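Please read the following report alongside the sequence and the coordinates.

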Amino acid sequence: MAAEPLSAHDIETGLRDLPGWQVEGDRIARTYRLPSHFAAAALTVHVARIQDELDHHSDLTLGYNTVRLTVNSHDAGGKVTSKDLTLAGRVEAVAAAHGAQ
C-alpha cells in the first residue's frame, strides 16, 4: 500500500519537533556537523541501520565532518509522508550521541 503524501501544513507541523530539518522542494533535509570524520562515518552507519529497520531509505551523504540526509517517499510519487518524518525523528534521536550539531 502506497504512503499518502502529507500537506504542506502537516509537514511544517511535523518539522517543529525536528530542529535543523527543513523542506527542500519535495523532500525534507538536514545536514549534521560532527567533530571528526570518524564521528561522521559512525553516524552514517547508525543511520543506515535505522533505515534498514524502517525499510525506508534516504539519500545519505558523508562528507569530511558532515552527514547530509534528504528524504521523500518514492511510493508516494516522491512526496513527503509520515514515514519521512518518522525516519527524521529516529535520526534526530541518535545524532547527538555522535556529537552532531
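Helices (H or I, at least four residues) and strands (E, at least two) are taken here as DSSP runs, numbered from the N terminus. The model is predicted, and local features need pLDDT of at least 70, side-chain atom pairs count only at pLDDT 80 or more, while totals for chains, interfaces and linings use all residues. Residues are numbered from 1 along each chain as its sequence is written, and side-chain values use heavy atoms, with hydrogens and water left out.

**The sheet**

Two strands are said to pair if DSSP finds at least two bridges between them. On that basis, four strands form an open sheet in the order S1-S2-S4-S3, with antiparallel pairing. Strand S1 (22-24) and strand S3 (59-62) stand at the edges with a single partner strand each, so one side of each is left without a neighbour in the sheet. Neighbouring strands of this sheet are turned against each other by 25° on average, direction ignored; angles run from 0 to 180 degrees between N-to-C directions, and axes are lines fitted to C-alpha atoms, for helices over the stretch in contact.

S1 pairs with strand S2 (residues 27-33) over three bridges in the antiparallel sense, and Ala29 in S2 is the bridge partner of Gln22. S2 and S4 also run antiparallel and are joined by six bridges, with Arg68 in S4 as the bridge partner of Thr31. The pairing of S3 with S4 is antiparallel over four bridges, and these two strands form a hairpin with three residues between them. Within S4, Val67 is the bridge partner of Leu62, and Arg68 is the bridge partner of Thr61. Five of the six residues of S4 are buried (under 20% relative accessible area, where exposed means over 50% and partly exposed in between, with a 1.4 Å probe and protein chains only), so S4 is largely enclosed by the rest of the structure.

**The helices**

H3 lies across S2 and S4 and runs at about 10° to S2, where contact means heavy atoms within 4.5 Å. Helix H2 (residues 37-54) packs against helix H3 (residues 82-95) at an angle of about 145°, and their axes are 10 Å apart. On the H2 side, Leu43, His46, Val47, Ile50, Gln51, Glu53 and Leu54 take part in this packing, and they meet Thr86, Leu87, Arg90, Val91, Val94 and Ala95 in H3. By residue type, the contact of H2 with H3 divides into eight nonpolar, three polar and two charged residues, given that Ala, Val, Leu, Ile, Met, Phe, Trp, Tyr, Cys and Pro count as nonpolar, Asp, Glu, Lys and Arg as charged, and the others, Gly among them, as polar.

**Two buried loop residues**

His56 lies in the loop between H2 and S3 and is buried, with a relative accessible area of 7%. Not counting residues up to four places away in sequence, His56 touches Gln51, Val71, Asn72, Ser73, Lys83, Asp84 and Leu87. The C-alpha atoms of His56 and Leu6, which are 50 residues apart along the chain, are separated by 16 Å.

Ser73 lies in the loop between S4 and H3 and counts as buried at 0% relative accessibility. With the residues up to four places away in sequence again left out, Ser73 touches His56, Gly78, Lys79, Thr81, Lys83 and Asp84.

**Charged pairs**

Side chains of opposite charge can pair when their charged atoms come close. A salt bridge is taken as a side-chain nitrogen of Lys or Arg within 4 Å of a carboxyl oxygen of Asp or Glu, and by this rule the count comes to six.

| Pair | N to O distance |
|---|---|
| Arg68 and Glu24 | 2.5 Å |
| Asp59 and Arg27 | 3.3 Å |
| Lys83 and Asp75 | 3.1 Å |

In the salt bridge of Arg68 with Glu24, Arg68 lies in strand S4 and Glu24 in strand S1, so the pair ties together parts that are 44 residues apart in sequence. Arg68 counts as partly exposed at 27% relative accessibility, and Glu24 likewise counts as partly exposed, at 31%. In the salt bridge of Asp59 with Arg27, the pair links distant parts of the chain, 32 residues apart, with Asp59 in strand S3 and Arg27 in strand S2. Asp59 is partly exposed, with a relative accessible area of 43%, and Arg27 counts as partly exposed at 24%. For the remaining pair in the table, Lys83 counts as partly exposed at 32% relative accessibility, and Asp75 is partly exposed with a relative accessible area of 36%.
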